[in-house]
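Please look over the sequence and the model shown below before reading on. The briefing that follows begins with one residue and its surroundings, and then turns to other topics in groups.

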Amino acid sequence: MKSLFIKYKSVIKFILTFLAVYIGLSIVYKLYLNTSVGSQYYPDYVTNLVTYQSEALLNTVGYNTEVTRHPDEPSMKLLVNGKYIAKIIEGCNAISVIILFISFIIAFSGKIKTTVVFLLTGSVLIYAVNLVRIVILSIGLYHYPWRSEILHTVIFPAIIYGMVFLLWMLWVNRFSNIGKNNG
């Protein structure tokens, strides 16, 4: 048993570190969501910010867009040219995806400065790509509402998770200590 532990030490370290960071950040995020109930930023600050930034981007590209609070659930209604297109919920704000990204990077950490810079840069990039994803999805739903299922459940999750995967691969191949410790 000891020889197996020694043989797979780096794998076990990765899994334990990943789980510890992921669970820790998820708990902090859940606490944040719990404290956001009833705040002036509905449904929570980050989702509210993403909603209004999406509205601004859609207006910038020529779509008359407005957002309102959803009366029946904690989300924001997105209207394009007066047409109800989508609701933006907490899951649309990319925080859960950023937590997943951060957990992986820390589990495969490199030099501290490089790790911190990559975490910040990657998180901002994921956030920005998520905004663009919401804008493109909204335009797609406006023009092609009969394609909503494939747009929302296949194509646009592939964009955000594809971005995370590419960042992970860049990290592992260029910046992490994984190859340096084993090579």
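Leaving aside its neighbours within four places in sequence, which residues is Leu78 in contact with? In this predicted model, the residues in contact with Leu78 beyond that limit are Leu58, Thr65, Glu66, Val67, Lys83, Tyr84, Ile85, Ala86 and Ser138.

**Overall architecture**

- The protein has 7 helices and 3 strands, and their order along the sequence follows the pattern α-α-α-β-β-β-α-α-α-α.
- Taken along the principal axes, the box filled by the C-alpha atoms of the protein is roughly 65 × 35 × 30 Å, and 38% of the 183 residues are buried.
- Among the contacts with a separation of 6 or more, 62% are accounted for by residues 24 or more positions apart.

**Surface and charge**

- The protein exposes about 11,000 Å², and carbon and sulfur atoms supply 67% of that area.

- The C-alpha atoms of Leu78 and Thr51 are separated by 7.9 Å, although the two residues are 27 residues apart along the chain.
- Thr47, which has its place in helix H3 (residues 45-60), is likewise buried, with a relative accessible area of 0%.
- Not counting residues up to four places away in sequence, Thr47 touches Ile88, Ile89, Glu90 and Asn93.

**Helix H2**

- Helix H2 comprises 28 residues (residues 9-36), which at 1.5 Å a residue should span 40 Å, and the distance of 40 Å between its end C-alpha atoms agrees with that expectation.
- Phe18, Val21, Tyr29, Leu33 and Ser36 are buried in H2, and the buried residues of this helix pack against helix H4 (95-107).
- An α-helix has 3.6 residues a turn, so residues three or four places apart point the same way.
- Just after H2, Gly38 takes a positive phi of about 85°.

**Aromatic side chains**

- The count of aromatic pairs in the model comes to 14.
- One of these aromatic pairs is formed by Phe14 and Phe104, which are edge-to-face, with 5.7 Å from centre to centre and 75° between the planes.
- This pair links distant parts of the chain, since Phe14 is in helix H2 and Phe104 in helix H4, 90 residues apart.
- Phe104 is buried, with a relative accessible area of 11%.
- Tyr144 and Trp146 form another edge-to-face aromatic pair, with 5.7 Å from centre to centre and 85° between the planes.
- One aromatic cluster is formed by Phe14, Phe18, Tyr22, Phe104, Phe108 and Trp168, and it includes Phe18, which is among the buried residues of H2.

Terms used:
Residues numbered from 1 in each chain as written. Predicted model: local features only at pLDDT ≥ 70, side-chain atom pairs only at ≥ 80, totals over all residues. Heavy atoms only, no water. Helix = DSSP H or I, 4+ residues; strand = E, 2+ residues; numbered from the N terminus. Buried < 20%, exposed > 50% of the residue type's maximum accessible area, 1.4 Å probe, protein only. Contact = heavy atoms within 4.5 Å. Areas by Shrake-Rupley, 256 points an atom, 1.4 Å probe, with all protein chains shown as cover. Expected span 1.5 Å × (residues − 1). Phe/Tyr/Trp six-rings, centres within 6.5 Å; stacked < 30°, edge-to-face > 60°.
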